[in-house]
Amino acid sequence: VQDAGLGLLPGRVEFEVWEKTVPVDREVLLEKASQVQGLLCTLSDRIDEELLARCPGLKVVSNYAVGYDNIDVEAATRRGVLVTNTPDVLTNATADIAFTLILASARRVVEANEFLRSGDWVTWHPDLLLGQDVSEAVLGIVGMGKIGRAVAKRAAGFSMKILFFNRSPRPDMEKELGARQVPLDELLRESDFVSLHCPLSAETKGLIGERELRMMKKSAILINTSRGPVVDQKALYRACSEQWIWGAGLDVFEKEPVPLDEPLLSLKNVTTIPHLGSATIRAREGMARKAAENLLAALEGRKPADLVNPEAWKE
Ligand code: 8YV
């Protein structure tokens, strides 16, 4: 899928692909970045003050992701470096994976698969692997951006009642989907599913900790497809192992890849996948194309379509 983006570069810029595997080794990144005008990078590459200070010629950092918490945008803006991301093309894929985790967690799909294959299925029983209903349940969406809205649209098809928490008022969501904007505490208390769709920032780091998990219903399920550090992972382990909540579905973690001794991985009521939100061929090709187009625009003196820091743009 990278070719959808890399294929646009020949003849327009001189470029080098540093490593076929990500993340690029930090020392290699520091050394090579110091010599270029544009960087196309992924979430695994930390673009911080130390790196930016070594790159006097750098004009643009094009992130191959919609989130950009790997980049110190404030430091880039101060230095006049443009930062771009890849919105829209991954909205549906990410909303789909959030819904996959809602259904898989509620209906214990992974546990059931293991149960069957390990030979434990010896008879039908009325209590066998009972789950939670998704249809007509209350879904709480934290962060009503594009992905949050796409999840809400899917939820409407399941006749779910939608609550959401968002920094700024979104009366349009009330009109479009009958979704009700509420304070976070109310959302946590009333939701059967809490799905996180906010970016990672100083404000959202640790947003869901012990206090918040204890507010949730015992039957509730937490879904995280945003960023791991939005949730206090130690508190989540206690919440799921001591049944303060019913379970969790996680695509993202505090540390990625997740170390295999992470306690959450030992719990049957926690469904885990390795950061696959945008992992469809169409979404990744779209992201690759956007990342390349944003990079080219900046290097050719045009305003990139997906500029994260417009204040750094000078005509
Ligand atoms: C990417 C993501 O897979 O876009 C994002 O913010 O988290 C995912 O879509 C990942 O960031 C690749 O860099």
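An oxygen atom of the ligand lies 3.2 Å from a polar backbone atom of L43. This distance, like the others in this report, comes from a predicted model.

| Residue (polar backbone atom) | Distance to a ligand oxygen atom |
|---|---|
| L43 | 3.2 Å |
| Y64 | 3.0 Å |
| G67 | 2.8 Å |

Taken alone, the ligand exposes 330 Å², and the protein buries 88% of that area. The residues around the ligand include T42 and L43, the run Y64, A65, V66 and G67, and also L90 and R227. H275, S278, R284 and M287 are likewise among the residues around the ligand. By residue class, this shell divides into 6 nonpolar, 4 polar and 2 charged residues.

Where do the domains touch, and with how many residues on each side? On the side of domain 1, 8 residues are in contact with 5 residues of domain 2. About 550 Å² is buried between domain 1 and domain 2, and carbon and sulfur atoms account for 47% of it. Within domain 1, the residues that lose the most area to domain 2 are L43, D69 and D88, which together make up 64% of what that side buries.

**Polar and charged links between the domains**

There are 2 salt bridges between domain 1 and domain 2. The side chains of D88 and K146 meet in a salt bridge, with 2.7 Å from N to O. Residue pairs in polar contact between the two domains number 3. The residues of domain 1 that touch domain 2 divide into 4 nonpolar, 2 polar and 2 charged.

Definitions and conventions
Residues numbered from 1 in each chain as written. Predicted model: local features only at pLDDT ≥ 70, side-chain atom pairs only at ≥ 80, totals over all residues. Heavy atoms only, no water. Contact = heavy atoms within 4.5 Å. Buried area = accessible area lost by both parts, 1.4 Å probe. Salt bridge = Lys/Arg side-chain N within 4 Å of Asp/Glu carboxyl O. Polar contact = N/O pair within 3.5 Å; in protein donor to acceptor, adjacent residues only side chain to side chain. Nonpolar A, V, L, I, M, F, W, Y, C, P; charged D, E, K, R; others polar. Near = heavy atom within 4 Å. Areas by Shrake-Rupley, 256 points an atom, 1.4 Å probe, with all protein chains shown as cover.
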